[in-house]
Amino acid sequence: MKKTLSIHLGRQLFIIEEDAYDRLQAYLKKLEASLSNESGSNEIVEDIEMRFAELVHQYLGDTRQVVTIADVEKAITSLGEPEEITEEPEQPKQQTQTNHENNGQKRMYRDVDNGVLGGLAAGIAAYLNIDPVIVRIIFIIFGFMGFGFPLYIILWIIVPGAKTPSERLQMRGKPVNIDTLKEEFEKTASRLKDDTINTVNRFKNNNEHITQQASKILRFIGKIIGVGFITGALIWLIIFTLIVSGIIDVIPMTGDQEFASLYEFLQLVSPVNKSFSLIWTGLLLVGFAGPLLSIAIGVRLLLGKVNRYFRLNFILLPAVIFVGIVLGVIGSINSARDYEVYSEVENQHLTIHASELKLEELPLMVNNRRIVSNGGIDFISVHNGQIMEHGIHIKYKESSDSLFHVSQVFSAHGIDRTAAQKRSMRIKQDLRVEGNKLLIDPYYSFPLTDGLRNQEIEIVIQVPDGKKLFINNQQVLINGKEYIGVMYANEPFEAYED
């Protein structure tokens, strides 16, 4: 009975007899010592171990599991002894070729080193020992027949690439031994050296040419961008000038005028005071300095060089833009303060004694004719210096006595309570009582000089217990709760629990 060991050889697990293991170890140590001064010695030894493992695996077959001394000696004979290389360099080559000329196991691989795409054609040519051009022509012919490309892709996936020296040797049908592996490593190293030298030379020769071409391309792109900067800035300057001067009105309105200028619209948003002046000045500074800076950048890109006076624009114009932004921000903050205080003013209080109250929409009459709908843009409506709005808040709840009570409440915002109350009291809206009918105008107005400050109207209706309230001919139920909705012109009224 012989003692056995478990070892890893060529990334495979083997059970080997002790004397066979000793012989294998001695062989590998000799191999490492003989190749210690060779370039790529580690790669050669690793490839020899993998080839050794392949041979031993073949010798074992499917019936045996233990590697014997005979298997090791047979593999060593196939690969060659290290002494044959170091002591007598020429004879071993002939001896190996004579004794083992038929030991090369040819296998199909992709020649990734010499291939155009994936090395498939080069690998097939090496396997068949023909010119790769012939294989490529065949694939092209197959391509015109309709199955060349799918066939190429399938073979590319199936056929592995020759990555190691032993695989490249097997691809050409050469025996894998120490001599051939050493020769393959020397060829690979020489090819890599030549490729590196050629690449460096090409880089040195073409570097200046590439730099010049890249510089020309960048200058050309810069000029195109410069023309774009100048063109866009000039277009903006023309349009912006026409807008701020009031020649072109851009804000859609109805009533006395179809459109309002930007200046007029800012008067609605911001009161005519210091805040408005700051915002308007900041808008002008940014609106004119921005395109002028774009023109300066475009000229710099187009001409390449400019004088020192022109370069001052790159300092002054950004400073002007910054000042404009600061003024706009300060003005906007001050303008926002005009919304700090909210005030409500009760314009009138009506008391109605009736068993039922019918709330109806007061129709809009023009030249004694009722307007049932308005189409088109209705962003802001101005009539005779009054801003026209529509949408009246209707709130109804239970009354504390047997009478209907109707309150008309106006509200607006201001920088302080006095300003908010003045704006509230300047709101106008028509509210009438005719018998048991409460007629409400869905439109209301306020002076154009007050601007847009959340001016709103709320009609509060208190309904006695046991009496009825109709809104647009529809009875509403209260049940001890409060309801609120918004009445718009010629639209159904919907209320929700408050």
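The crossing of helices α12 and α14 is left-handed, a label used when the near helix is turned anticlockwise from the far one by less than a right angle. Helices and strands here are DSSP runs numbered from the N terminus, with at least four residues of H or I for a helix and at least two of E for a strand. The axes of α12 (residues 274-303) and α14 (residues 313-336) come within 7 Å and cross at roughly 155°. That makes α12 roughly antiparallel to α14. By class, their contact has 18 nonpolar, eleven polar and one charged residues.

A word on the ground rules: this is a predicted model, in which local features need pLDDT of at least 70, side-chain atom pairs count only at pLDDT 80 or more, and totals for chains, interfaces and linings use all residues. Residues are numbered from 1 along each chain as its sequence is written, and side-chain values use heavy atoms, leaving out hydrogens and water.

Let's move on to another helix pair. The axes of α7 (residues 132-145) and α8 (residues 148-158) come within 6 Å and cross at roughly 125°. α7 is therefore oblique to α8; angles under 35 degrees count as roughly parallel, over 145 as roughly antiparallel, 65 to 115 as roughly perpendicular and the rest as oblique. On the α7 side, the contact (heavy atoms within 4.5 Å) is made by Phe-139, Phe-142 and Gly-143, while α8 brings Gly-148, Phe-149, Leu-151, Tyr-152 and Leu-155.

Now for helix α6 (residues 120-128). Seven of its nine residues are buried, so α6 is largely enclosed by the rest of the structure. Buried means under 20% relative accessible area, exposed over 50%, and partly exposed in between, with a 1.4 Å probe and protein chains only. Among the buried residues of α6 are Leu-120, Gly-123 and Ile-124. After α6 comes Asn-129, whose phi is positive, near 60°.

Phe-493 lies in the loop between β20 (483-487) and β21 (495-497), and counts as buried because its relative accessibility is 18%. Beyond its neighbours within four places in sequence, Phe-493 is in contact with residues including Ile-394, Ile-471 and Asn-472. Asn-472 is 21 residues away from Phe-493 in sequence and 7.7 Å away in space, C-alpha to C-alpha.

Conventions:
Axes fitted to C-alpha atoms, helices over the stretch in contact; angles between N-to-C directions. Nonpolar A, V, L, I, M, F, W, Y, C, P; charged D, E, K, R; others polar.
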